[in-house]
Amino acid sequence: EMQRSLVGSEMCIRDRLRGSCHHFALSLNKVLGYSAYIIEGNNKRSFHAFCQIYKNNQCFYVDARGITSSFDEFMVVASEFVNDEYTIRAIESEDIEEWKNASNYHNEALVFAEAVIGKFKECYVLSNKIPNKIIY
């Protein structure tokens, strides 16, 4: 389950980030140094961007919802965009250039995502004590 996640009125913020997962992943990379990835269908029509953290030989997935060690839980949102065979790969400079060119609000979205991360940092940073089972 998600270790920490946005709840209540904070969910509105997450909903505003829908469709801007790539901006959020880039901002997590910039602010927290996390490695940014894309999971995309092999048809290359849609994708979900996210970050990964490796700590104590365990993989954690981070997106606008928060942090989870459960790939199945992570896929709840990712499967909305990728529902057939998929590939997971690092975000590349060509992806970033394409996103800049395809959006009139790229820089504003990055600033917004950085502000969300700053305000709710506890949702995006692992605590020093990682429980065996991650809970909300």
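Modeller: The protein averages a pLDDT (the predictor's confidence in each residue, from 0 to 100) of 83, and 81% of the residues score at least 70. This is a predicted model, in which local features need pLDDT of at least 70 and side-chain atom pairs count only at pLDDT 80 or more, while totals for chains, interfaces and linings use all residues. Residues are numbered from 1 along each chain as its sequence is written, and side-chain values use heavy atoms, with hydrogens and water left out.

Biologist: Which element of the protein has the lowest mean pLDDT?

Modeller: Elements here are DSSP runs numbered from the N terminus, with helices (H or I) of at least four residues and strands (E) of at least two. Helix 2 (residues 21-32) has the highest mean pLDDT, 95, whereas the lowest, 49, belongs to strand 1 (residues 4-5).

Biologist: Which element gives the most to the lining of the second largest pocket?

Modeller: On a 1 Å grid over the protein atoms alone, a pocket is an open set of points where a 1.4 Å probe fits, with protein on both sides within 12 Å along at least five of seven lines, and lining residues have an atom within 4 Å of a point. Strand 2 (35-41) and helix 4 (93-102) are the elements that give two or more residues to this lining. The largest share, three residues, comes from helix 4.

Biologist: With which side chain does the side chain of E40 make a polar contact?

Modeller: E40 lies in strand 2 and is one of the residues that line the second largest pocket. E40 counts as buried (under 20% relative accessible area, with a 1.4 Å probe and protein chains only) because its value is 8%. Its polar contact (a pair of N or O atoms within 3.5 Å, one able to donate a hydrogen and the other to accept it) is at 2.8 Å, and the partner is the side chain of R89.

Biologist: Why does S27 count as buried?

Modeller: S27 lies in helix 2, and, not counting residues up to four places away in sequence, S27 touches L32, L110, A113, E114 and I117. S27 counts as buried because its relative accessible area is 0%.

Definitions and conventions: Buried means under 20% relative accessible area, exposed over 50%, partly exposed in between (1.4 Å probe, protein chains only). Contact means heavy atoms within 4.5 Å.
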